[in-house]
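This briefing is meant to be read with the structure open alongside.

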Amino acid sequence: RTVDVHAASKETMPMSEPTQELIVSELRRRVRVSIAELMQVLGLQFASILPQEIQRMKDSGLVVYDEPLGPSSVLSLPQ
C-alpha cells in the first residue's frame with residue numbers, strides 16, 4: 001500500500017480511521033507507547049497531524065496520556 005506523502009503532509013487532511021486502529025493496535029501490543037515511537041511506526045508524513053489525531057482519540061476515550069502532549073508523552077489505553 002502506498003501513501004501519498006504530499007497529501008498526508010497537509011495539516012488540514014483528516015487522519016483516516018485505519019490510522020487510529022494502527023495506534024490502538026500498537027498500544028495493545030506494547031501497553032504503553034511514546035509519541036516519538038508512534039512517529040517511527042507511522043512515518044514522518046503523519047508528524048504534523050498526529051497531535052490533533054491523538055487529542056481527538058483522547059477526547060473520545062480511546063487513549064490516555066499526561067499533558068502536555070509532546071514527543072516524550074506516553075500513550076496508554078484507558079484502564
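**Confidence and layout of the model**

Among the elements of this predicted model, helix α1 (residues 5-9) has the lowest mean pLDDT, at 45, while strand β2 (residues 74-76) has the highest, at 97. Taken over the protein, the mean pLDDT is 82, and 80% of the residues reach 70 or more.

**Where to read with caution**

- Over residues 3-13 the pLDDT stays under 50, and for this stretch the model has 14 contacts beyond four places in sequence.
- Where pLDDT is low, the predicted coordinates should not be read in detail.

**Overall make-up**

- The protein contains 4 helices and 2 strands, and from the N terminus on these elements run in the order α-α-β-α-α-β.
- Of the 79 residues in the protein, 33% count as buried.

**Packing of helix α2 against helix α3**

- In passing α3, helix α2 makes a right-handed crossing.
- On the α2 side the contact is made by Thr-19, Leu-22, Ile-23, Glu-26 and Arg-30, and on the α3 side by Glu-37, Leu-38, Val-41 and Leu-42.
- By residue class, this contact of α2 with α3 divides into 5 nonpolar, 1 polar and 3 charged residues.

**Packing of helix α2 against helix α4**

- The axes of α2 and helix α4 (residues 50-59) also come within 11 Å, here crossing at roughly 75°, and because angles of 65 to 115 degrees count as roughly perpendicular, that is the description that applies to α2 and α4.
- Helix α2 contributes Glu-17, Gln-20, Ile-23 and Val-24 to this contact, and helix α4 contributes Leu-50, Glu-53, Arg-56 and Met-57.
- The residues of the contact of α2 with α4 divide into 4 nonpolar, 1 polar and 3 charged.
- Ile-23 of α2 is named in the contact with α3 and is named again in the contact with α4.

**Glu-26, a buried residue of helix α2**

- Glu-26 has its place in helix α2, and with a relative accessible area of 6%, which is under the 20% cut-off, Glu-26 is buried.
- Not counting residues up to four places away in sequence, Glu-26 touches Val-31, Leu-38 and Val-41, of which Leu-38 and Val-41 are also listed on the α3 side of the contact of α2 with α3.
- Glu-26 and Ser-76 are 50 residues apart in sequence, and in space they are 9.8 Å apart, C-alpha to C-alpha.

**Met-39, a partly exposed residue of helix α3**

- Met-39 is found in helix α3, and at 22% relative accessibility Met-39 counts as partly exposed, since that class runs between the 20% and 50% cut-offs.
- Leaving aside residues up to four places away in sequence, Met-39 touches Leu-44, Ala-47 and Leu-50.
- Met-39 and Leu-50 lie 11 residues apart along the chain, and their C-alpha atoms are separated by 8.0 Å; Leu-50 is also one of the α4 residues in the contact of α2 with α4.

Key
Residues are numbered from 1 along each chain as its sequence is written. This is a predicted model: local features need pLDDT of at least 70, side-chain atom pairs count only at pLDDT 80 or more; totals for chains, interfaces and linings use all residues. Side-chain values use heavy atoms; hydrogens and water are left out. pLDDT is the predictor's confidence in each residue, from 0 to 100. Contact means heavy atoms within 4.5 Å. A crossing is left-handed if the near helix is turned anticlockwise from the far one by less than a right angle, and right-handed if clockwise. Ala, Val, Leu, Ile, Met, Phe, Trp, Tyr, Cys and Pro count as nonpolar, Asp, Glu, Lys and Arg as charged, and the others, Gly among them, as polar. Axes are lines fitted to C-alpha atoms, for helices over the stretch in contact, and angles run from 0 to 180 degrees between N-to-C directions. Angles under 35 degrees count as roughly parallel, over 145 as roughly antiparallel, 65 to 115 as roughly perpendicular and the rest as oblique. Buried means under 20% relative accessible area, exposed over 50%, partly exposed in between (1.4 Å probe, protein chains only).
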